[in-house]
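Morning, everyone. I'd like to walk you through some charged side chains and a few contacts today. Please have a look at the screen.

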Amino acid sequence: MYTDYYGLTAAPFQLTPDARYWFASGTHKKAMAYLGYGLAQGEGFIVVTGEIGAGKTTLTGHLMETIDPARVTAIRIVSTQVEGDDMLRLTAQGLNLPTEGVEKAQLLDRIERHLTDTGRSGRRTLLVIDEAQNLPTSALEELRMLSNFQAGGHALLQIFLLGQPEFRDRLADSTQLEQLRQRVIASHHLEPMTAGETRGYLEHRLTTAGWTGRPVLTDEACALLHEASGGLPRKLNTLATRALLMGAIEQSDTLDAKLIGRVVADLEGDLPKAISIAPEPSTSSTRVAPTGIGTRDSKADDRTEGLEARLAVLESQLHEQDAALRRVLTLLIDWVEREELAMARAPAA
């Protein structure tokens, strides 16, 4: 609905990774530089880590788009908690090798022969493993053994590991992974985007989706979006999508700080927090003074006033939500009526 209202050709902040929306922030430029260096070496492991939603999958998609398939054969595996033998089978399946009923020794031989044949044809093989933090030590050890395959003094397989921050910590601290750690030739940790990069990111994705300047993004709105998302692309996408939807519902051509604030409050669930009530003080630690006719409990009155103020805020927010829902229903009814009218006119046309 908001794409039609703002004249966009696509949803600019969809959560599904799309290489078209690649944005080269400072940290992503560094990651690509490290990847370029690592690929130029043609051996060992390349490691990239980052928080959930930091853009690791989008980085991988961009890498796949830039790799020359005539020179590098790239295989991508999204790992789960698989042991060593299963990792070998996943790798073989990625190479289009049969694995059913094949013993481990025979499987290793087939993988090595395939990698050797690929190397003789002038191409290298890159194995990309996503969600590497889920891999047990046995699977990582099998990957290390695969990285040992050589022909003519050159490695036949290079491995790119992507994972969450705990994988970086595990790789640095685990004594069981010392041999793998020594084979890491390049590594980078994706940091959140800076506040100054947020506007560029938002406008880049909007422009890719056909944006012509409507809606307008204020500087305050961009600053609030950065603060609420922590600079993580996925969170920023979620907030921006909701902001566009709310803007379309309210028929607003400007996304300002007030609108973004309401989106953030809605996403974080601040509404239920507004009616939280402080616990009563314990009678064991509170001395209760005798009260008679005409006496006033000031603490109780203060609590009552506080509750009344909170209820007033809650009622105001409910009225706003009710108005927004009415606008949504009105837009939906208008849309259905237009569709029915168009279908009725179609035969005559």
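Start with Thr99. It sits in the loop between α4 (84–94) and α5 (104–120). Is Thr99 buried or exposed? It counts as buried, because its relative accessibility is 12% and the cut-off for buried is under 20%. Which residues does Thr99 touch, leaving aside neighbours within four places in sequence? Arg89, Ala92, Gln93 and Leu107. Keep in mind that this is a predicted model.

Now the salt bridges. How many does the structure hold? The count is 13.

Pair one is Arg144 with Glu141. Their closest N and O atoms are 2.9 Å apart. Both residues lie in helix α6, which covers residues 137–146. They are three residues apart, about one turn of the helix. Look at the exposure of each partner. Arg144 is buried, at a relative accessible area of 8%. Glu141 is partly exposed, at 21%. Why do these two get separate labels? Because buried means under 20% and partly exposed starts above that: Arg144 has 8%, and Glu141 has 21%.

Pair two is Glu178 with Arg181. Here the closest N and O atoms are 2.1 Å apart. Where are they? In helix α8, residues 178–181. Glu178 is partly exposed, with a relative accessible area of 32%. Arg181 is partly exposed too, with 25%.

The closest N and O atoms are 2.9 Å apart. What about exposure? Asp219 counts as exposed, at 55% relative accessibility. Arg199, at 23%, counts as partly exposed.

Then the network. Which residues are joined by salt bridges that share partners? Asp85, Lys104 and Glu142 form one network.

You'll find Glu166 in helix α7, residues 165–173. Glu166 counts as partly exposed, at 42% relative accessibility. Glu166 has 42%.

Last stop, Arg234. Arg234 is in helix α11, residues 233–249. It is partly exposed, with a relative accessible area of 42%. Now compare sequence with space. Arg234 and Ala54 are 180 residues apart in sequence. In space, C-alpha to C-alpha, they are 6.8 Å apart. What does Arg234 touch, not counting residues up to four places away in sequence? Leu15, Ile52 and Gly53.

To recap: Thr99 counts as buried in its loop. The structure holds 13 salt bridges. Arg144 with Glu141 stays within helix α6. Over to you.

Key: Residues numbered from 1 in each chain as written. Predicted model: local features only at pLDDT ≥ 70, side-chain atom pairs only at ≥ 80, totals over all residues. Heavy atoms only, no water. Salt bridge = Lys/Arg side-chain N within 4 Å of Asp/Glu carboxyl O. Helix = DSSP H or I, 4+ residues; strand = E, 2+ residues; numbered from the N terminus. Buried < 20%, exposed > 50% of the residue type's maximum accessible area, 1.4 Å probe, protein only. Contact = heavy atoms within 4.5 Å.
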